[in-house]
Amino acid sequence: MKRSSRSSQGRDHMTNDNSGDVRLSGISKTYGSFTAVHPLDLTVPQGSFFALLGASGCGKTTTLRMIAGLEEPSTGTVHLGDQDVTHLPPYKRPVNTVFQSYALFPHLDIFENVAFGLRRRGIKSVKKQVEEMLDLVQLGEQARKKPHQLSGGQQQRVAVARALINHPKVLLLDEPLGALDLKLRRQMQLELKRIQTEVGITFVHVTHDQEEAMTMADRVAVMNGGRVEQLGAPTDLYENPRTTFVANFLGTSNFIEAEIVGTGGGEIVLEAGGGKLVLPKERCGAATTPGGKVLVGVRPEKISLTHADDAGEIPEGRNRITGTIADASFIGVSTQYVVDSPVCREFAVYVQNVDRDPRLVPGAEVVLHWSPAHTFGLDAAQDAEAGVEEAA
């Protein structure tokens, strides 16, 4: 797709200042005795794609609405760049919001839907700007169609174009893909990321969908109970969760309660069910006092599954536990096993379907093994099931 020099220059200008920073300082929201958002400090850098991720009722949409000016904060301030917008009405803030319901005008064609904001501001010559925006969202050839003639994904792109044509410093997206089917949703995830990269402005995206947040966002704030549970890049949140809630909400995690029996050389040696496990000290978010308890975590796809008869072929130095296959589900790219073990019931293991071992069936005795580097440790006082129901 061709980019105009004008839009490229605009992007360079936008990314060289901090006018699109979103800074929340001590912001909270209460409704009577109920606290929807506890006081939080959050900075969304200019030009980033930022996701607020969490289950229904976690406070993410309320936080977005306070940025938009649709909710008045109970405490704290909202800054866009250097401007304090805490008490400004929505129409005076340099933000636009795209909702799950596209709210397109059914009697206007796509061109006029996108041009609406410009015409309302009294701008007479809109043709060039509208055409550039429709090209950006790859809908130039649909300009004279009515909304009902477009697919859900195309209508969502029209809504994005209509919001972007006003040149907001920040685009807010409230569950924008929630009404689309799975295939369209995945296509639109890539489309929104492409559009954000193209225009270079700050996107703040609210979603309950873990895959959506991790696919699109540069940084993700995982919210739980009106608080930010953890903030970081998607890979860091997934590989280094600091709480069981984050570990379970972002995918699946297996947890083993283990006792610390020694430390040294950057490693923690643990005992669980009479066996030894090793955990890198840098990946342990709990106290490392000998005799203390740790929840040892490992993701299902990091684990290899070997039939007990071949246990002698497992390389030295790997963490290992024994168990019995309770269930096996073939899902195409992988087979998902559930293994019962003395140290963890219903241990999940995902094995790619490359060289399938026909012996790995329910009832088979197996050894689960993985690299110590793929192990993380959390405080054993945490609930190992936190985040599981919310993620379902």
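In this predicted model, strands β11 and β14 run antiparallel and pair over 6 bridges. One of the contacts can be named: Glu257 has Leu295 of β14 as its bridge partner.

Now widen the view. β11 and β14 belong to an open sheet of 5 strands, ordered β13-β12-β11-β14-β20. The pairing is antiparallel. β13 (275-280) and β20 (376-379) form the edges, each pairing on one side only. From one strand to the next, the twist averages 45°.

Stay with β11 and β14, but turn to the side chains. Lys293 and Glu259 form a salt bridge, with 3.9 Å between the closest N and O atoms. Lys293 sits in β14 and Glu259 in β11 (residues 254-264), so this pair ties together parts 34 residues apart in sequence. How accessible is Lys293? Its relative accessibility is 43%, so Lys293 counts as partly exposed. Glu259 is also partly exposed, at 29%.

Side chains of opposite charge can pair when their charged atoms come close. Across the whole structure, a search finds 15 salt bridges. Some of them share partners: Lys29, Arg65 and Glu71 are joined into one network this way.

Glu239 and Lys302 meet through their side chains in a salt bridge, at 3.1 Å from N to O. Where do the two partners lie? Glu239 is in helix α8 (residues 234-239). Lys302 is in the loop between β14 (293-298) and β15 (304-307). The two residues are 63 residues apart. Glu239 has a relative accessible area of 27%, which means that it is partly exposed.

Finish within a single helix. Glu191 forms a salt bridge with Arg194, and their closest N and O atoms are 2.9 Å apart. Both residues lie in helix α6 (residues 182-199). They are 3 residues apart, about one turn of the helix. Is Glu191 buried or exposed? Glu191 is buried, with a relative accessible area of 15%. Arg194 reaches 21% and counts as partly exposed. The cut-off explains the two labels: buried means under 20% relative accessible area.

Note on methods: Residues numbered from 1 in each chain as written. Predicted model: local features only at pLDDT ≥ 70, side-chain atom pairs only at ≥ 80, totals over all residues. Heavy atoms only, no water. Salt bridge = Lys/Arg side-chain N within 4 Å of Asp/Glu carboxyl O. Helix = DSSP H or I, 4+ residues; strand = E, 2+ residues; numbered from the N terminus. Buried < 20%, exposed > 50% of the residue type's maximum accessible area, 1.4 Å probe, protein only. Pairing = 2+ DSSP bridges. Axes fitted to C-alpha atoms, helices over the stretch in contact; angles between N-to-C directions.
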